[in-house]
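Here are my notes on this model, in numbered points. Have the structure open while you go through them.

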Amino acid sequence: MLFTLRLLLVSLLAALLGCTAQAQGLPPEIDAALARAKVPRDAVSVLLLDAQGQSAPRISHRVDVPMNPASVMKLVTTFAALDLLGPAYTWSTPVYIDGTMRDGTLHGNLIIQGQGDPKLVLERLWLLLRRVQGLGIQTISGDIVLDRSAFDIPPLDPASFDGEPLRPYNAAPDALLINFKSVVMTLAPEPGNTVARVQYDPPLAGVQMQATVPLLAGDCGDYRAQLKADFSDPNRIRFAGGYPASCGEKVWAVAYADPGSYAARAVQGLWQSMGGKLQGSVRLGVIPKAVGGAAPKPSFELRSAPLAEIIRDINKFSNNVMAQQVYLTLGRALPTATTASTSGAITTPALPGNYAASQTVVLHWWKDRISPTDLPIMDNGSGLSRSERISAQALGRLLQTAYASPTMPELMASLPITGVDGTLRRVKTQAAGSAHLKTGSLTDVVAVAGYVHGTGGRRWILVALVNHANARAARPAIDALVEWAAKLR
């Protein structure tokens, strides 16, 4: 009887595997869209399956082939972080007073220690310096010391990836990452005048910034080209052209030409704009050890938003440097991360973050949590890489695991919604509002992965990866695939 039961189970398993192997190929309309894009079927991987794994895949096409996923790789980083660190995890930026205070003057140094906060933007840096002033400090007779030792990573040329060093998406990670190392310019025509005023945030110490540009007639068009901006000199930002009055107010963010000096310039510039005085300089350094080698205690700490909020920026807007900050944190927080803490803080001494440590943590987690095989090839965890690889099948397993996890709501809420927000806001589709999908795009790569809500109430996992010179022309095929999945019952 037992032998017969075993034979029956084997037969059922073989039948199920047969169904899986014979799952629908690409729907005819998707095949036609790919043909119009001149993208061959062997450059595409597609997987569509039930989120709860209750049936064989509806579409299974080249699912076991490792592909470049572009920013879809952020799903691995963000779900690993949610699973290992917990959605309430926060980053701390401690501030130390090394000296004595008297009559509004700090006789000594102010030390700011970066610990990898992915979103230490201008407003939060202002709050940090405002708290320093709240301690009664208006003048610093010594230096402001920036401690960036929490990450141990090699210098990165921002032009190395695609020759676009001024694109904010190429910003390199940093233990003290301030405002994504970018200058945000707000251009606004002055009413009744012949110029537009340019406001720069943050103010950068030692940088000459052109305050106005002439107004031009005509359509707004490519206003950036008409400005004829020159950002090549780290000590000066200037414009040889003008700004169309018809544009109204515009905001333009560019990466600073000398990212290595950005943090020092931003801290000094903002401190002085707030009325603070600095008699020394802003320089790099580390926290001095207290007597007996004990770690000194900070005067206060600035806490980040929780991880659940941080990953919304990462996935909704595909923020590369924030993803890398989270990825490096996994390596730095290894003693805590391996115990899957949900306390929201590192409770044991942290290691310097580096890519090798992060790869070890993520791959160990993958084998334990997702699958002992079909491992992703990780680089920096953001997808801004030529070497990262993962299969559609592996992404499907990741998304099924995430769907059954306690942090599923946080991960799903972080994904762009088709036709509604994030990187999918401008997509015109009949499936608007029905899919939460992470997008990915590089030269020769277009990808999506996430969840689609079918009309029958079932949640589907959809993964589509295209690696081909005509990949961008395949976007209509992917949109049609999302619509096709949303109609399933």
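**Notes on the model**

1. Leu302 sits in strand S17, residues 300-303; strands here are DSSP E runs of at least two residues, helices are H or I runs of at least four, and both are numbered from the N terminus.

2. A word on provenance: this is a predicted model, where local features need pLDDT of at least 70 and side-chain atom pairs count only at pLDDT 80 or more, while totals for chains, interfaces and linings use all residues. Residues are numbered from 1 along each chain as its sequence is written, and side-chain values use heavy atoms, with hydrogens and water left out.

3. What does Leu302 touch, leaving aside its neighbours within four places in sequence? Leu302 is in contact (heavy atoms within 4.5 Å) with Trp91, Ser92, Thr93, Leu120, Arg124, Leu128 and Arg131. Gly108 is 194 residues away from Leu302 along the chain, and their C-alpha atoms are 21 Å apart.

4. Overall, the protein has 13 helices and 20 strands. The protein is as compact as a globular protein of its length, because its radius of gyration is 26 Å, close to the 23 Å that the globule rule gives for 489 residues (taken over C-alpha atoms; the rule is 2.2 Å times the number of residues to the power 0.38). Buried residues make up 51% of the 489.

5. Now the largest pocket, with about 860 Å³ of space. A pocket is an open set of points on a 1 Å grid over the protein atoms alone, with protein on both sides within 12 Å along at least five of seven lines; a cavity is a set where a 1.4 Å probe fits but cannot get out, and lining residues have an atom within 4 Å of a point. Volumes are the space filled by probe spheres set on the points, which are joined across faces, edges and corners. Of the 23 lining residues of this pocket, Tyr169, Phe317, Ser318, Thr423 and Ser441 lie nearest its centre. Strand S18 (residues 435-442) gives the largest share of that lining, four residues.

6. As for cavities, three reach 30 Å³ or more. The largest cavity holds about 50 Å³, and its lining includes Leu166, Phe231 and Asp233.

Key. Buried < 20%, exposed > 50% of the residue type's maximum accessible area, 1.4 Å probe, protein only.
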